[in-house]
Amino acid sequence: MEVILSGMRPTGNLHLGNYFGALKNYVSLQELYDCYFFIADYHLLTTHPNPEDLLANVKTILCQYLACGLNPEKATIYVQSSVPEVAELYMYLNMLTYVGELQRVAAFKEKVRQNPNNVNAGLLTYPTLMAADILLHRATKVPVGKDQQQHLEMTRDFAERFNKMYKVDYFPLPQAFNFGNDLIKIPSLDGNGKMSKSYGENATIYLNDEPSVLKKKIMRAKTDSGPTEKNQAKPIEIENLFALMRSVSKPEIIEQFEDAYNDCSIRYGDMKKQLAEDMENFVSPIRERIKELSSNEEYLNKVIRMGGEKAQANASKTIKEVREIIGFKKL
């Protein structure tokens, strides 16, 4: 069976874009593939998080993973730091990696520009840590966004370099997994591209937003003065509202407001109220499940322990074989 691996840094609450961009699809993938979903707490160390925040964020992401439908009986869900073999393979890959190729990575250049006072070695070698996550489980498919495609190409390069250096055909060359037409891009509420934490709290709908918070965000969404001609093209902020509605509302509701826009009778206040209602109906089961899981420490610990044991068993096998290939053998 093909192996799929995906991870998420524990930087806080997941939002609607995370759900439709990844989690919804992961739920279907776990039925078809051998899936590994991990919480990338090693990756977060490049930003020097507070220890208490790191632990809390790991728990938050785990609860939200489970609330969105990931099943620990069907997929391996684990915390990256619970598998020490990650760090060992990371070291081996660093020995095969050249400083120049790491310095040319677009994401590294952007991080240097954004945080010139925190250009640490972890940022520079981020691609090799990501490669270690993937190659440790010999993953064949990796769901990635455009911002991570270069890192996946580098993972393929590292795998191929290892295979050639040691004259083996050990690591598969992982492919980007494409969700195709099932992928829905969720826009920001302020009209600035896709939904992202970087655009601020008011532009992002989180999966655990309370009803009053959710409604306030949607009612504040940017609009214009309304269409002046029948069937005219929608400006970006209006198209964003319709895109949000298409993600959570019934087809007849969407059609009603599309018709109203096209004949210039639309009232954005009514549309926002309807969208807020539909969004609450969509989010509330996930939010309540998150609350339920958050209070069940025993179950969360069981999930982490079970996933960690399975991930480490697989990782230990890989590391044992890699050591033998490299030449680390008992005398």
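**Pockets, charge pairs, cysteines and rings in a predicted model**

The lining of the second largest pocket has 7 nonpolar residues, 1 polar residue and 3 charged residues. The pocket has a volume of about 190 Å³. Its lining consists of Asp-41, Leu-54, Leu-55, Val-58, Lys-59, Leu-62, Val-79, Glu-297, Leu-300, Asn-301 and Ile-304. Two elements, α3 (51–67) and α14 (297–326), each give two or more residues to this lining. The biggest share comes from α3, with 5 residues.

A cavity was also found. The structure holds 1 cavity of 30 Å³ or more. The volume of the largest cavity is about 30 Å³. Around it stand Ser-188, Leu-189, Ala-221, Lys-222, Glu-237, Asn-240, Leu-241 and Leu-244. By class, this cavity lining has 4 nonpolar, 2 polar and 2 charged residues.

Charge pairs were examined next. Side chains of opposite charge can pair when their charged atoms come close. The count comes to 19 salt bridges. One of them joins Arg-161 and Glu-101, at 2.8 Å from N to O. This pair links distant parts of the chain. Arg-161 lies in helix α9 (residues 149–165), and Glu-101 lies in helix α5 (residues 99–103). The two residues are 60 residues apart. Glu-101 has a relative accessibility of 14% and therefore counts as buried.

A salt bridge also forms between Glu-210 and Lys-291, with the closest N and O atoms 2.9 Å apart. Here too the pair links distant parts of the chain, 81 residues apart. Glu-210 sits in the loop between β5 (175–177) and α10 (211–219). Lys-291 sits in helix α13 (residues 268–294). Glu-210 is partly exposed, with a relative accessible area of 33%. Lys-291 also counts as partly exposed, at 40% relative accessibility.

Another salt bridge lies within one helix. The closest N and O atoms of Lys-317 and Glu-321 are 2.9 Å apart. Both residues belong to helix α14. They are 4 residues apart there, so about one helical turn separates them. Lys-317 is partly exposed, with a relative accessible area of 46%. Glu-321 counts as partly exposed at 23% relative accessibility. Some salt bridges share partners. Glu-210, Glu-280, Arg-287, Glu-288 and Lys-291 are joined in this way into one network.

The cysteines were then checked for bonds. A disulfide is a covalent bond between the sulfur atoms of two cysteines. The structure holds 0 disulfides. For Cys-35, the closest cysteine sulfur is that of Cys-68, 15 Å away. A bond is ruled out because this distance is too far. Cys-35 is buried, with a relative accessible area of 1%. Cys-68 is in no disulfide either. Its nearest cysteine sulfur, in Cys-63, is 11 Å away. At 9% relative accessibility, Cys-68 counts as buried.

A search of the whole structure finds 12 aromatic pairs. Among them, Tyr-33 and Phe-177 form an edge-to-face pair. Their ring centres are 5.9 Å apart, with 85° between the planes. The pair links distant parts of the chain, 144 residues apart. Tyr-33 is in the loop between α1 (16–29) and β2 (34–39), whereas Phe-177 is in strand β5. Phe-177 counts as buried, at 15% relative accessibility.

Phe-242 and Tyr-261 are also edge-to-face. This pair has a centre-to-centre distance of 6.2 Å and an angle of 80° between the planes. Phe-242 lies in helix α11 (residues 236–248), and Tyr-261 lies in helix α12 (residues 251–262). The pair therefore ties together parts that are 19 residues apart in sequence. Both Phe-242 and Tyr-261 are buried. Elsewhere, ring pairs link Phe-162, Tyr-166, Tyr-170 and Phe-171 into a cluster.

Conventions:
Residues numbered from 1 in each chain as written. Predicted model: local features only at pLDDT ≥ 70, side-chain atom pairs only at ≥ 80, totals over all residues. Heavy atoms only, no water. 1 Å grid on protein atoms, 1.4 Å probe; cavity = no way out; pocket = protein on both sides within 12 Å on 5 of 7 lines; lining within 4 Å. Points joined across faces, edges and corners; volume = space filled by probe spheres on them. Nonpolar A, V, L, I, M, F, W, Y, C, P; charged D, E, K, R; others polar. Salt bridge = Lys/Arg side-chain N within 4 Å of Asp/Glu carboxyl O. Buried < 20%, exposed > 50% of the residue type's maximum accessible area, 1.4 Å probe, protein only. Disulfide = S-S within 2.5 Å. Phe/Tyr/Trp six-rings, centres within 6.5 Å; stacked < 30°, edge-to-face > 60°.
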